[in-house]
Amino acid sequence: MGRVHEIANIRTELVDGFPVEAGDYARTKVEAVAKYAPADVHYARVRLATDGPRLVTAHASLDVNGKPVNAEAAAETYQEAVDLLHDRLQHRLVSMGR
């Protein structure tokens, strides 16, 4: 079994007055994808913002041993946007390890 990787440093940015819980939720979901990375994630940045009156965007930038991995998702709620972001990051990280 391979070594489980982790995120050394993660920063969340909440724009447009999101509740603190939104940042905690985003942090937890992005931390969870580290196990799919082919190497440790040295840094991760997650940003939640609104895009118009009814759309939330979630963007993540990860540094996986010097290689950038970016993903973005949009949905009606921050939970849905972060869940989609998680799935996209997972797919990209799994693809890196192949």
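This is a dialogue on how to read selected features of a predicted model.

Colleague: Which conventions apply to this predicted model?

Modeller: Residues are numbered from 1 along each chain as its sequence is written, and side-chain values use heavy atoms, with hydrogens and water left out. The model is predicted, so local features need pLDDT of at least 70 and side-chain atom pairs count only at pLDDT 80 or more, while totals for chains, interfaces and linings use all residues.

Colleague: What span should the 19 residues of H2 have?

Modeller: Helices (H or I, at least four residues) and strands (E, at least two) are DSSP runs, numbered from the N terminus. The expected span of a helix is 1.5 Å times one less than its number of residues. For the 19 residues of H2 that gives 27 Å, and the end C-alpha atoms are 27 Å apart, which agrees.

Colleague: Which residues of H2 are buried?

Modeller: Buried means under 20% relative accessible area, exposed over 50%, and partly exposed in between (1.4 Å probe, protein chains only). In H2 the buried residues are Tyr78, Ala81, Val82, Leu85, His86, Leu89 and Leu93. Seen down the axis of H2, they fall within an arc of 140 degrees, so they line one face of the helix. The arc is that of the directions from the helix axis to the C-beta atoms. Contact means heavy atoms within 4.5 Å, and what covers the buried residues of H2 includes helix H1 (20-32), strand E2 (41-50), strand E3 (56-64) and strand E4 (67-75).

Colleague: Which residues are buried in H1?

Modeller: Ala22, Gly23, Ala26 and Val30 are the buried residues there. Their arc, seen down the axis of H1, is within 95 degrees, so they line one face of that helix. The face turned away from the buried side carries the exposed residues Val20 and Glu21. Cover for the buried residues of H1 includes E1, E2, E3 and H2.

Colleague: Is His86 buried or exposed?

Modeller: His86 lies in helix H2 (residues 78-96), and it counts as buried because its relative accessibility is 12%. A polar contact is a pair of N or O atoms within 3.5 Å; within protein, one must be able to donate a hydrogen and the other to accept it, and residues adjacent in sequence count only if both atoms are side-chain atoms. The side chain of His86 makes such a contact with the side chain of Asp87, at 3.3 Å. Leaving out residues up to four places away in sequence, His86 touches Lys29, Ala32 and Val33.

Colleague: How many residues does the largest nonpolar core have?

Modeller: In soluble globular proteins, nonpolar side chains tend to be buried together. A nonpolar core is a set of buried Ala, Val, Leu, Ile, Met, Phe, Trp, Tyr and Cys residues joined through side-chain atoms within 4.5 Å. The largest one here has 29 residues, and those with the most contacts inside it are Val30, Leu48, Leu62, Val64, Leu85 and Leu89. The elements that give two or more residues to this core are H1, E2, E3, E4 and H2. H2 gives the most, with six residues. As for Val64, its contacts beyond four places in sequence include Ala37, Pro38, Leu93 and Met96.

Colleague: How many salt bridges does a search of the whole structure find?

Modeller: Side chains of opposite charge can pair when their charged atoms come close. A salt bridge is a side-chain nitrogen of Lys or Arg within 4 Å of a carboxyl oxygen of Asp or Glu. The search finds four. One of them joins Asp83 and Lys29, with the closest N and O atoms 3.4 Å apart. Asp83 lies in helix H2 and Lys29 in helix H1, so this pair ties together parts that are 54 residues apart in sequence. Asp83 is partly exposed at 28% relative accessibility, and Lys29 is partly exposed at 23%. Elsewhere, salt bridges that share partners join Arg11, Glu13, Arg45 and Arg47 into one network.

Colleague: Which phi does Asn65 have?

Modeller: Most residues other than glycine have a negative phi. Asn65 has a positive phi of about 50 degrees although it is not a glycine. Asn65 is found in the loop between E3 and E4 and counts as exposed, at 52% relative accessibility.
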